[in-house]
Amino acid sequence: MSTQIRAVVITVSDACASGHRADTSGQALVELLGELGAQIAEKRILSDDLAPLEHTLREICDRGDVNLIVTTGGTGLGPRDNTPEATLKVIEREAPGLAEAIRAESLKITPMAMISRGVCGVRGGTLIVNLPGSPKAVKESFAVIKPVLMHAADLLAGKTEHRSN
């Protein structure tokens, strides 16, 4: 039996945090995770400030009831795009294949994918995945990682037997 995915969705956006823009990307992620059968433990909207984002990622990972955090936003080249930096400060091990696959598939759709800096990695039993900030990019990126998320949850739970495709 597969491990239940218990996820937190974090939208990183000054505009959403201040109420100037609706959080359509975070809502898209909640829906996509729900279609996968994931339990949504919570959904948060944070500003692009580095320290609070780092603290939040660390706190969620360390409480032990969540095995997946998916962020949306803050992965570009803008001066306040801090999501990859916050993630790198928190993770213990990188999972570069996820970010590489997202960028590779996204490049088939838009050249803008090459300036996305999202990273992925693990802290304790929690996988953190950074996705871009637009609803379209969230849907396209999630489609890339969706086939491996259940297996990743199993591996993080210590279920290391191999699966056949």
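Me: How accessible is Glu-140, buried or partly exposed?
Reply: In this predicted model, Glu-140 is partly exposed, at 22% relative accessibility.

Me: And what does Glu-140 form a salt bridge with?
Reply: With Lys-136; their closest N and O atoms are 2.6 Å apart. Both sit in helix H6 (residues 135-156), 4 residues apart, so about one turn of the helix.

Me: Is Lys-136 buried or exposed?
Reply: Exposed, with a relative accessible area of 52%.

Me: OK, other salt bridges. How many does the structure hold?
Reply: 13. Among them is Arg-63 with Glu-59, at 3.7 Å from N to O. Those two are 4 residues apart in helix H3 (residues 50-63), which puts about one helical turn between them.

Me: What else does Arg-63 bridge to?
Reply: Asp-65, where the closest N and O atoms are 2.7 Å apart. Arg-63 is partly exposed at 32%, and Asp-65 is partly exposed too, at 34%.

Me: Which residues are in that network?
Reply: Glu-42, Arg-44, Glu-59, Arg-63 and Asp-65 are linked by salt bridges.

Me: Switching to strands. How many residues of S6 are buried?
Reply: 6 of its 6, covering residues 126-131. Thr-126, Ile-128 and Asn-130 point one way, while Leu-127, Val-129 and Leu-131 point the other.

Me: Which strands does S6 pair with, and in what sense?
Reply: S3 (residues 68-72) is parallel to S6 over 5 bridges, with Ile-69 opposite Ile-128. S5 (residues 120-123) is antiparallel over 4 bridges, and there Arg-123 stands opposite Thr-126.

Me: What's between S5 and S6 in the hairpin?
Reply: 2 residues, and Gly-124 takes a positive phi near 60°.

Note on methods:
Residues are numbered from 1 along each chain as its sequence is written. This is a predicted model: local features need pLDDT of at least 70, side-chain atom pairs count only at pLDDT 80 or more; totals for chains, interfaces and linings use all residues. Side-chain values use heavy atoms; hydrogens and water are left out. Buried means under 20% relative accessible area, exposed over 50%, partly exposed in between (1.4 Å probe, protein chains only). Two strands pair if DSSP finds at least two bridges between them. A salt bridge is a side-chain nitrogen of Lys or Arg within 4 Å of a carboxyl oxygen of Asp or Glu.
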